[in-house]
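Subject: Structure handover

Hello,

My notes on it follow.

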Amino acid sequence: IVPHGWRLPYADFCVPAQVTTALMVKWMLAWEDPDTHELWLLRATPRRWLEPGSRWAARAIPTGHGRVGISVAATDSELRVTLHGAVPEGTRLRLRLPAGTVVTHAEADGEELGFDHELEAVRLPRGTGEVVVRYR
């Protein structure tokens, strides 16, 4: 950093700390296991982000498989997650639903999926466009 006028040659903020926030948000939405390269979507989103009435989206999240877009809409009995872009075979979508919620059905593009209650996740087929999860 070059001093200019009154400015001393140092950064006003800790630059690595400023980058950490963006990296943590990216990992919350799309995380790749460094050993297996398995892609996890929504792995660490807060439970309140999936409460009934929630609607939000993230576009062009960079991954090793390409960019992924995610939009989420939750009602009292259903969660819809729409995916855009590179969704490789075996991608896991984690759904940290509000405490006490019981998943009764999960499907991707109309095909039934098995919901892993322990991991709170489904494994997606390649190119999945929409995931619908019904719960009570």
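I start at the helix. Trp27 sits in helix α1, which spans residues 15–29. Please keep in mind throughout that this is a predicted model. With a relative accessible area of 37%, Trp27 is partly exposed. Together with Leu23 and Met24, Trp27 makes a nonpolar surface patch of about 270 Å².

Nonpolar core

The largest nonpolar core holds 31 residues. Within this core, the residues with the most contacts are Leu42, Ile70, Leu79, Val81, Leu93 and Leu95. Two or more core residues come from each of α1, β2, β3 (55–63), β4 (66–74), β5 (78–85), β7 (103–108), β9 and β10 (130–135). Strand β4 gives the largest share, four residues.

Leaving aside residues up to four places away in sequence, Ile70 touches Leu29, Leu41, Leu42, Trp56, Ala57, Ala58, Ile61, Val81, Thr82 and Leu83. Leu42, one of these contacts of Ile70, lies in the loop between β2 and β3. Its relative accessibility is 0%, so Leu42 counts as buried.

Backbone

Most residues other than glycine have a negative phi. Leu42 is not a glycine, yet its phi is positive, about 60 degrees. Ala60 also has a positive phi, near 55 degrees. Ala60 is in strand β3 and is partly exposed at 40% relative accessibility, whereas Leu42 is buried.

Aromatic pair

A search of the whole structure gives one aromatic pair. The partners are Trp49 and Trp56, with ring centres 5.1 Å apart and planes at 65 degrees. An angle over 60 degrees counts as edge-to-face, so this pair is classed as edge-to-face. Trp49 is partly exposed at 31% relative accessibility, while Trp56 is buried at 18%. Trp56 is also among the contacts of Ile70.

Salt bridges

The count is eight salt bridges.

Arg123 and Glu38 meet through their side chains, with an N to O distance of 2.9 Å. Arg123 is partly exposed, at a relative accessible area of 42%.

Glu120 and Arg94 form another salt bridge, in which the closest N and O atoms are 3.0 Å apart. This pair also links distant parts of the chain: Glu120 is in the loop between β8 (111–112) and β9, Arg94 is in strand β6 (residues 91–94), and the two are 26 residues apart. Glu120 is buried, with a relative accessible area of 17%. Arg94 is partly exposed, at 21%. The cut-off for buried is under 20%, so Glu120 and Arg94 are placed in separate classes by it.

Glu78 and Arg80 form a salt bridge as well, at 3.1 Å from N to O. Glu78 is buried, with a relative accessible area of 17%, whereas Arg80 is partly exposed at 33%.

Network

Along the chain, Glu107 and Arg80 are 27 residues apart, and their C-alpha atoms are separated by 9.9 Å. Not counting residues up to four places away in sequence, Glu107 touches Glu112, Leu113, Glu130, Val131, Val132 and Arg134.

Regards

Note on methods: Residues numbered from 1 in each chain as written. Predicted model: local features only at pLDDT ≥ 70, side-chain atom pairs only at ≥ 80, totals over all residues. Heavy atoms only, no water. Salt bridge = Lys/Arg side-chain N within 4 Å of Asp/Glu carboxyl O. Buried < 20%, exposed > 50% of the residue type's maximum accessible area, 1.4 Å probe, protein only. Patch = residues over 30% accessible without salt bridge, like charges linked within 9 Å, V, L, I, M, F, W, Y side chains within 5 Å. Areas by Shrake-Rupley, 256 points an atom, 1.4 Å probe, with all protein chains shown as cover. Core = buried A, V, L, I, M, F, W, Y, C linked by side-chain atoms within 4.5 Å. Contact = heavy atoms within 4.5 Å. Phe/Tyr/Trp six-rings, centres within 6.5 Å; stacked < 30°, edge-to-face > 60°.
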